[in-house]
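Here is a short tour of one protein and its ligand.

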Amino acid sequence: MPKKIQILPEHISQTIAAGEVVERPASIVKELVENAMDAGASEITVELISGGLQLIRVFDNGEGIDPEEVPVALQRYATSKIRKAEDLYAIDTLGFRGEALPSIAAVSQMTIKTRVPHSLSGVRMLCEGGEIKSFSEVGCPVGTEVEAKNIFFNIPVKRKFLKSIQTELRYSLNHFLRLSLSRPSISFKFIHDGRILCEHPKTESPIVRIEAILGREIYHHLQPVGFEDGEIRITGFASLPSFSKGNADGIYLYVNRRFIRDRMIYKAVLGAYRHIIPAGKFPVVILFLTLPPSAIDVNVHPTKAEVKFKEPERVFRTVQGAFSFLHGLTSSLTAESYEDQREGRVPPKGAPLFSRSIPSSSVDFSSMREGRGPLPMVRDMRDPEWNVERQTGLRILGQVQGTYIICEGEKGLILIDQHAAHERLLFEKYKKEYETGSISSERLLIPIAMELSTEESFILMSHLEAFQSMGFEMDPIGERVYAIRSTPSLIDQRDPQERVREILDELSFMKREGRGAEAIHTILVTLACHAAVRGNFGLRREEMEELVGTLSPFNLSITCPHGRPIFFVIPLEELAKKFKRK
Ligand code: ADP
Ligand code: MG
């Protein structure tokens with residue numbers, strides 16, 4: 001009888017192991033750039049063809065690999081970075097497991113060209129599916145060039161799991177930007193299909209690199225952060241309350257210059273901004289934590305995207321401490337004076353921070369929307385004969401917390417979330433306009449220039465058509481600078497940049513969550529969400545009637561376009577039960 005348990009043939013075990021490291025082209029980009037950094041390079045170039053599906057090439061001017069060691073580097077667990085187990089707790093390089101090169105070699109057609117400084121020529125080694133196919137001497141500059149072609153050519157199933165060229169390119173670009181952000185002293189370049197997408201010359205100043213990556217607009221809202229507690233040191237930049245984003249993409253955490261994700265640190269950061277920026281918004285934070293290597297374990301995650309702290313509570317408290325400046329701001333500054341504070345001018349005291357008004361129970365339409373004109377409703381309510389109760393069978397009882405409308409219906413109490421409901425109404429209205437081609441566009445008298453971050457600009461370029469069909473006319477006028485020439489008439493003409501940025505945030509978020517909603521859908525949702533009445537706003541009786549009245553003709557899907565419920569019903573029977581009448 002054949003044995004049940006058998007050792008896998010080498011090519012299978014190699015593929016399994018490689019799967020841990022190489023999930024997609026972006027993983028290869030990350031590993032190769034990290035190797036180049038570890039090799040002390042001062043210039044690193046990443047070149048992709050077809051989002052990296054066809055080719056990934058990374059070259060550097062680092063220390064190179066000795067000719068006789070090139071085949072060794074290809075073996076699993078071959079590394080120059082550690083020697084003994086204790087070294088794992090004294091790591092100052094990004095790599096240490098010796099897994100990247102063998103993994104990349106196992107799943108692609110890989111070529112290494114490398115030359116060390118004291119040698120007159122270099123070597124070139126070609127591998128396919130992990131096997132060395134050729135090895136020869138070549139002329140090449142000092143440094144290393146690794147090229148990986150046709151990723152997963154030998155594992156068709158894995159290749160099928162890859163996404164579109166644009167999406168794969170975005171993953172790679174994200175890794176690239178994170179790495180570049182952490183080393184301003186290195187020059188970075190990213191080329192796609194022969195076009196330079198990013199070029200970051202080396203600089204002494206981290207803020208110059210941040211500006212190059214995140215855009216000038218954000219840079220103006222950043223404040224340097226510096227804090228120390230014993231052996232834990234924190235430096236970086238954090239956005240002032242004057243700025244926030246719709247997603248957490250602007251939070252970059254590094255531990256000993258390694259980009260990581262860490263729920264605990266996220267929590268400390270977001271906690272610091274609570275009540276300082278609106279709920280559901282996120283700051284931009286670039287944070288570098290430096291700890292003695294012995295205080296962290298970097299060997300806990302297959303792609304080294306997480307670390308384990310020896311004293312997590314202390315790290316948490318130190319991060320909190322680094323953000324205590326925010327609370328100083330809130331007690332004594334007005335929104336306008338942040339700039340002054342940054343520039344060292346003395347801030348005026350005594351004025352409350354944000355005048356985010358929470359209106360009392362009776363507000364008129366215009367004040368409710370901060371002077372942006374009446375609520376964009378769906379139906380003309382001026383007909384004096386119209387009566388919400390007669391029309392819908394719902395009697396409005398009132399509003400709770402300026403957020404929920406309570407009605408009495410035939411079968412029980414109905415609670416409506418005013419924002420969610422209004423958002424759904426506007427979404428349906430905009431969608432209809434879009435489908436019937438009646439979205440009108442307005443030309444701005446003076447085009448507005450808008451500078452985007454590298455990622456935002458990338459998302460915009462991938463969805464330009466969707467923006468156009470919604471009435472936005474935008475075109476590039478410089479590197480990452482776009483002119484907004486027309487906007488859909490349904491948005492406020494005064495701050496179209498805000499809307500564009502929100503849409504870009506949302507598009508990026510949807511992509512990452514793997515929710516494949518179409519760009520058009522996302523744009524419609526974002527515009528509806530913005531125009532819809534907020535929570536925490538008192539509504540007058542007529543306004544509630546109008547909202548509830550307009551809900552009825554719709555075939556009500558019971559969620560807002562984001563998927564939150566619009567209303568729920570407390571059946572009369574339920575009430576009777578609660579009061580023990582039944
Ligand atoms: P690790 O980075 O964990 O050591 P890798 O498989 O990524 O493992 O690389 C194996 C070894 O090859 C490295 O330890 C290093 O000595 C050498 N190497 C890889 N890439 C480069 C490079 N770009 N420049 C110089 N040496 C390199
Ligand atoms: Mg490595």
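This is a predicted model: local features need pLDDT of at least 70, side-chain atom pairs count only at pLDDT 80 or more; totals for chains, interfaces and linings use all residues.

A polar side-chain atom of Ser 80 lies 2.5 Å from an oxygen atom of ligand 1, and for Phe 96 a backbone N or O atom lies 2.9 Å from an oxygen atom of ligand 1.

## The shell around the ligand

Which residues come nearest to ligand 1? Of the 20 residues around it, they are Asn 35, Thr 79, Ser 80, Lys 81 and Gly 98; a residue counts as near if one of its heavy atoms lies within 4 Å.

H4 supplies the largest share, 3 residues. Helices (H or I, at least four residues) and strands (E, at least two) are DSSP runs, numbered from the N terminus.

## An enclosed helix

Because 8 of its 8 residues are buried, H4 is largely enclosed by the rest of the structure; buried means under 20% relative accessible area (1.4 Å probe, protein chains only). Among these buried residues are Leu 101, Pro 102, Ile 104 and Val 107.

The cover over H4 includes helix H1 (10–21), H2 and helix H3 (70–73), along with strand E3 (109–115), strand E4 (122–128) and strand E6 (143–149). Contact here means heavy atoms within 4.5 Å.

## Arg 57 and its partners

Arg 57 sits in strand E2 (residues 55–60). Its side chain and that of Glu 145 are joined by a polar contact of 3.5 Å, that is, a pair of N or O atoms within 3.5 Å; within protein, one must be able to donate a hydrogen and the other to accept it, and residues adjacent in sequence count only if both atoms are side-chain atoms.

Leaving aside neighbours within four places in sequence, Arg 57 is in contact with Thr 45, Val 46, Glu 47, Glu 145, Val 146 and Glu 147.

## The whole protein

The protein has 21 helices and 22 strands, and buried residues make up 49% of its 582 residues.

## Notes on the model

Residues are numbered from 1 along each chain as its sequence is written, while chains are lettered from A and ligands numbered from 1 in the order in which they are written. Local features need pLDDT of at least 70, side-chain atom pairs count only at pLDDT 80 or more, and totals for chains, interfaces and linings use all residues, while side-chain values use heavy atoms, with hydrogens and water left out.

Note on methods
Buried means under 20% relative accessible area, exposed over 50%, partly exposed in between (1.4 Å probe, protein chains only).
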